[in-house]
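Please open the structure in your viewer and follow the stops below in order. At each stop, select the residues named and look at their side chains.

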Amino acid sequence: MISVQNVSRFFTDKKKTITASKNISFEINKGDVVGLLGENGAGKTTLLRMISAILQPSEGSIHLDGIDIHKHPMKIKGKIGVLFGSETGLYDRLTARENLTYFAKLYGLSQHETKARVDYLTVRFGMNEYLDRRVGNFSKGMRQKVTIARTLIHDPQIILFDEPTTGLDITSANMFRELIHQLRKEGKTIIFSSHIMEEVKQLCQSVIMIHKGELIYNGSIEDLYQQEESDDLNYIFMSRIIRGNNS
Ligand SMILES: Nc1ncnc2c1ncn2[C@@H]1O[C@H](COP(=O)(O)OP(=O)(O)OP(=O)(O)O)[C@@H](O)[C@H]1O
Ligand SMILES: [Mg+2]
């Protein structure tokens, strides 16, 4: 279980303080697939960076299965896989296979485990044709598949995706959605940010909405529909934003 307790994050930019997260608390159960919604600059990436222990909260704490992730980042490293849409983290000069093998090593996988995972992910993402080509010349979709495979190389229990389908064509975006379905069946806990309401509706049971760094909704989509007497997530999202935290 992921437990986020009173988390705030401040940044200083030219002596001005920016509050990217403001006193956010929620819990996510094992096996949940959660959509993270918010306008540009709402604080989604900041929150995902904190949950993956890349960024320290200014206040509050985040626990994973009872472990404080910022006090013991090494203990949870193997349990989390994270993909930030804007950065692939791949090495252009290496082939797809070399990239995956490199990341497997970082997670301490044995040679045998690495081969098994690379083979499995190659079949799963249909990467066979270009597995031994340099990533530098890959198309966006090819790159994204390798990046997703890299995220999953150590078979993490919790997976965080920051706008995973941005920039993908319809085929690749559909492949990604199918992947989420499969990971969900395997009992993985998934949080992903998206601006595509239809995608969130299809894939998630619950949503977290943030607005200007504050949590404005956390719960099941069904409950939200009932509260708002509507099943138009786009409309609900906009009206919640207008009402802010006073709902
Ligand atoms: N390293 C940083 N230094 C200063 N300000 C930052 C830093 N990182 C994030 N911010 C600020 O925090 C706020 C939240 O940014 P964040 O990237 O988390 O938003 P987001 O919800 O992911 O937006 P988008 O949908 O555009 O990706 C913004 O005002 C942003 O400028
Ligand atoms: Mg972002």
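Start by selecting Y91, Y102 and L106 in this predicted model. Together they form a nonpolar patch on the surface, with about 290 Å² of accessible area.

Stay on Y91, which is found in the loop between β6 (80-84) and α3 (96-106).

Y91, Y102 and F103 are linked into a cluster by ring pairs.

A pair of aromatic rings is described by two values, the distance of the centres and the angle of the planes. The count of aromatic pairs in this model is 5. One of them is Y102 with F103: the centres are 5.3 Å apart and the planes are at 80 degrees, so this pair is edge-to-face. Y102 is partly exposed, with a relative accessible area of 35%, whereas F103 is buried, at 9%.

For another pair, select Y130 and F138. Their rings are also edge-to-face, 5.1 Å centre to centre with 75 degrees between the planes. Y130 and F138 are both buried.

What sits over the ring of F103? The charged end of R150 does, 4.9 Å from the ring centre.

For the last stop, select K77 and Y107. K77 lies over the face of Y107, and the distance to the ring centre is 5.3 Å.

How values were computed: Residues numbered from 1 in each chain as written. Chains lettered and ligands numbered in written order. Predicted model: local features only at pLDDT ≥ 70, side-chain atom pairs only at ≥ 80, totals over all residues. Heavy atoms only, no water. Patch = residues over 30% accessible without salt bridge, like charges linked within 9 Å, V, L, I, M, F, W, Y side chains within 5 Å. Areas by Shrake-Rupley, 256 points an atom, 1.4 Å probe, with all protein chains shown as cover. Salt bridge = Lys/Arg side-chain N within 4 Å of Asp/Glu carboxyl O. Helix = DSSP H or I, 4+ residues; strand = E, 2+ residues; numbered from the N terminus. Phe/Tyr/Trp six-rings, centres within 6.5 Å; stacked < 30°, edge-to-face > 60°. Buried < 20%, exposed > 50% of the residue type's maximum accessible area, 1.4 Å probe, protein only. Lys NZ or Arg CZ within 6 Å of the ring centre and 35° of its normal.
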